[in-house]
Amino acid sequence: MLLDISCLPKNKILCIDMKSFYASCECVDHGLDPLEDYVVVVSDKNRSGSVVLAASPKMKQDFGIRTGSRLYEVPRHRHIHIFNARMKRYLEISVQITKLFSTFVPFEAILTYSVDESWLTLDGTEKLHGSPKEAAQKIRSVIWNQFGLPSCIGIGPNRFISKVVLDVYAKKQGLAECTYEEVPKKLWPVPLREIWGIGSRMEKHLNNMGMYTLGDVANSSLDRLRKRFGVIGEQLYYHAWGVDLSPPFIDARTFTQKSIGKGITLLRDYWRENEILTVVLELCEEVAKRAREIGKIGRTVSFSVRYSHNEGGFHQSVTLDAATNLTMDIYRVCKRIFHKFYDGRSVRVIHVALENLSDEESLQLSLFEDRTKERALAKAMDAIRDKFGPNALLRAVSYTPGSVARVRNGYIGGHQA
Ligand SMILES: [Mg+2]
């Protein structure tokens, strides 16, 4: 590919990560040192199979304990501090940090990616904060001084580059920058599994095609990747060249979106109830996750099913008492509709949507405070899925009666996905 860098948008983007966020928050609240002490945050201290949600840098370094490890792997030692996750507290601190960001850049220049990661677009703040590197240093020291929390920042001309340079370099050295010109030198040697957006399944496919690093993808061909993976392959190829055209400022109009929907046309006829409901659950999970990503909740769930051979189907909408973006809330409604209307014919198309959207923040301020924990947990699980793939938590869960007990025993603190 002949890449004309001069044509590409050159924004000044920071990708900011709060180092071992949950563990660091516990350190601050308990008078421990986030960088020097051994700290582990788990979903439930009383269950040995409990998932480690965060481990301090020292814990990772000296004991190899990381997010996704199990409590029984954590050595019992008086210098190792184990805490139960307090999602509500982490979310509170996260909101305060976002408020701090808004003293550096306008609101539409902040994109919160997860509870501990955000993108900031610095364009237009040069006079105030200097170069991106200077601004990044300033932000890191303010976060450290005000919250006692360590952070890392990746700097790039777009979101993709800033995120990858964060993951690959800044998480080790604190601050790292990459320009378009430096992509071949800094990003091409990186193994695929370390690249944001490439999951283990995608990695395997690419390995089978003879590609092991980002450079291998860049030097493959757009045509080959498009043929194999469609739009995703196309995006992958452009990313490998450091190209990411996602808008650096958030258009307020995207927040007036009316509904979030997800449908699937099945490759064969489905008629077994548990098979169909598994697909429904996956769709609910995707819709709910999307809503959480953009900070929305919805009051109306709509669910439709189309039968094979043009035999019709059904469509129903149900409006809830309270808006939600929790998978199981949406799933319960779909399941109820399904049981009411399904007549055993074979199914080809399933569609789930969350409508009647409003801002999640309006919920936080409302009467439904008691669900904050559940929602924070859902977000934490989104983060785990982003790291380990969608299968990590959900697919292992089958909602047949026999497996419910398994869910209660095994998964995060006994909460269902
Ligand atoms: Mg982090």
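Helices (H or I, at least four residues) and strands (E, at least two) in these legends are DSSP runs, numbered from the N terminus. Everything shown comes from a predicted model, in which local features need pLDDT of at least 70, side-chain atom pairs count only at pLDDT 80 or more, and totals for chains, interfaces and linings use all residues. Residues are numbered from 1 along each chain as its sequence is written, and side-chain values use heavy atoms, with hydrogens and water left out.

**View A. The end of helix α11 and its buried side.** Just past α11, G242 has a positive phi of about 80°. Within the helix (residues 231–240), you will find G233, L236, Y237, H239 and A240 buried, meaning under 20% relative accessible area, where exposed is over 50% and partly exposed lies in between (1.4 Å probe, protein chains only). These residues lie on the same side of α11 because they cover an arc of only 165° around the axis; the arc is that of the directions from the helix axis to the C-beta atoms. As a reminder, an α-helix has 3.6 residues a turn, so residues three or four places apart point the same way. The buried residues of α11 pack against α6 (159–173), α7 (183–187), α8 (200–208), α9 (214–218) and α10 (222–229), with contact meaning heavy atoms within 4.5 Å.

View B. D17 (OD), M18 (O) and D116 (OD) lie 2.2 to 2.4 Å from the ion. Donors here are N, O and S atoms within 2.8 Å of the metal (3.2 Å for Na, K and Ca); water is not among the atoms, so sites may look incomplete. Along the chain, the donors follow the spacing D-M-x97-D. D17 is buried, at a relative accessible area of 6%, and M18 is buried too, at 3%.

View C. β2 (residues 38–42) and β3 are antiparallel over 3 bridges, and V41 has A54 of β3 as its bridge partner.

**View D. The β10–β11 hairpin.** β10 (residues 296–307) and β11 (residues 313–324) pair in the antiparallel sense over 8 bridges. F303 stands opposite Q316 in β11. The hairpin has 5 residues between its strands, and H309 in the turn shows a positive phi of about 50°.

Note on methods
Pairing = 2+ DSSP bridges.
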